[in-house]
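Please keep the sequence and the model in view while reading.

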Amino acid sequence: MATVQANTLNEGLDKNMAKSREVKDLSNEQIEERITRLAFDGDALRYREFCARLKSGLPEGTGVALRGSVVTNKRWEDGQPFDAEGRGSSDLDVTLIGDKVMEYWNEDAFYIPGLHTKPLCDGDPLIAPALNPLRQELQKLAERPVNFQATSNFILYSRDVLFDEPYCTIIEAQKAP
């Protein structure tokens, strides 16, 4: 039994590493084109409005990255493409980067205190209540679920390198004043 589970885990890791390599072969412009095509029906103006609303609604200096199937076009769980179950069925995993934005999460809403939060989503909208209106606004704009998770640059980098979870930075983190 343990061998079967280990083989299944290894197969999943191999598939995810292949997805990661594929994404890493793309330029940032190509990844953003994929995001626009998949999540915003090819509407570049709607995607730019999404990014602008994020930037204006977050604490100064907050970086933003998109992760998950909108970047890889493959779901982690089963390898199915983005929106495999119909338009709007896949969510957007929005990672917020910076210390200042982590202050918006409740003290008990961290996987790693001070470094990595639990996701703010429809299922748990009260873990960062001040950010939930922005998240809901972005859901209407994107016409799909949007989840926020805050993390440090170190954790984001580690997830990419150690776990082959690629991401696309759409707003660079800046030093907060």
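Q: How buried is Cys51, as a relative accessible area?
A: This is a predicted model, in which local features need pLDDT of at least 70 and side-chain atom pairs count only at pLDDT 80 or more, while totals for chains, interfaces and linings use all residues. Residues are numbered from 1 along each chain as its sequence is written, and side-chain values use heavy atoms, with hydrogens and water left out. Buried means under 20% relative accessible area, exposed over 50%, and partly exposed in between, with a 1.4 Å probe and protein chains only. Cys51 is buried, and its relative accessible area is 13%.

Q: How many disulfides does a search of the whole structure find?
A: A disulfide is counted when a pair of cysteine sulfur atoms lies within 2.5 Å. For the sulfur of Cys51, the closest cysteine sulfur is that of Cys168, at 8.6 Å, which is too far for a bond. Cys168 is also buried, with a relative accessible area of 1%. The number of disulfides found in the whole structure is zero.

Q: Which face of helix H3 do its buried residues line: one face or several?
A: Helices are DSSP runs of H or I with at least four residues, strands are runs of E with at least two, and both are numbered from the N terminus. In H3, the buried residues are Arg46, Tyr47, Phe50, Cys51 and Leu54. Seen down the helix axis, with directions taken from the axis to the C-beta atoms, these buried residues fall within an arc of 140°, so they line one face.

Q: Which exposed residues does the face of H3 turned away from its buried side carry?
A: The buried side of H3 is covered by elements that include H2, E1, E2, H6, E5 and strand E6 (167-171). The face turned away from that side carries exposed residues, namely Leu45, Arg48, Lys55 and Ser56.

Q: Which residues does Arg53 contact, leaving aside neighbours within four places in sequence?
A: Arg53 is found in helix H3 and is partly exposed, with a relative accessible area of 26%. Arg53 and Leu134 are 81 residues apart in sequence, yet their C-alpha atoms are 8.2 Å apart in space. With contact taken as heavy atoms within 4.5 Å, the partners of Arg53 are Leu134, Glu137 and Leu138.

Q: Against which elements do the buried residues of H6 pack?
A: Helix H6 covers residues 132-142, and its buried residues include Leu134, Arg135 and Leu138. Just after H6, Glu143 takes a positive phi of about 60°. The buried residues of H6 pack against helix H2 (28-39), helix H3 (44-57), strand E2 (92-97) and strand E5 (146-151).

Q: In E5, which residue is the bridge partner of Asp93?
A: Strands pair if DSSP finds at least two bridges between them. Strand E1 (residues 63-67) and E2 pair in the antiparallel sense over five bridges, and in E2 the bridge partner of Arg67 is Asp93. E2 and E5 pair in the parallel sense over six bridges. In E5, the bridge partner of Asp93 is Asn147.

Q: How many residues has the largest nonpolar core?
A: A nonpolar core is a set of buried Ala, Val, Leu, Ile, Met, Phe, Trp, Tyr and Cys residues joined through side-chain atoms within 4.5 Å. Among the residues with the most contacts inside the largest core are Phe50, Leu54 and Phe148. Phe148 touches residues including Leu54, Val94 and Trp105, not counting those up to four places away in sequence. The number of residues in the largest nonpolar core is 38.
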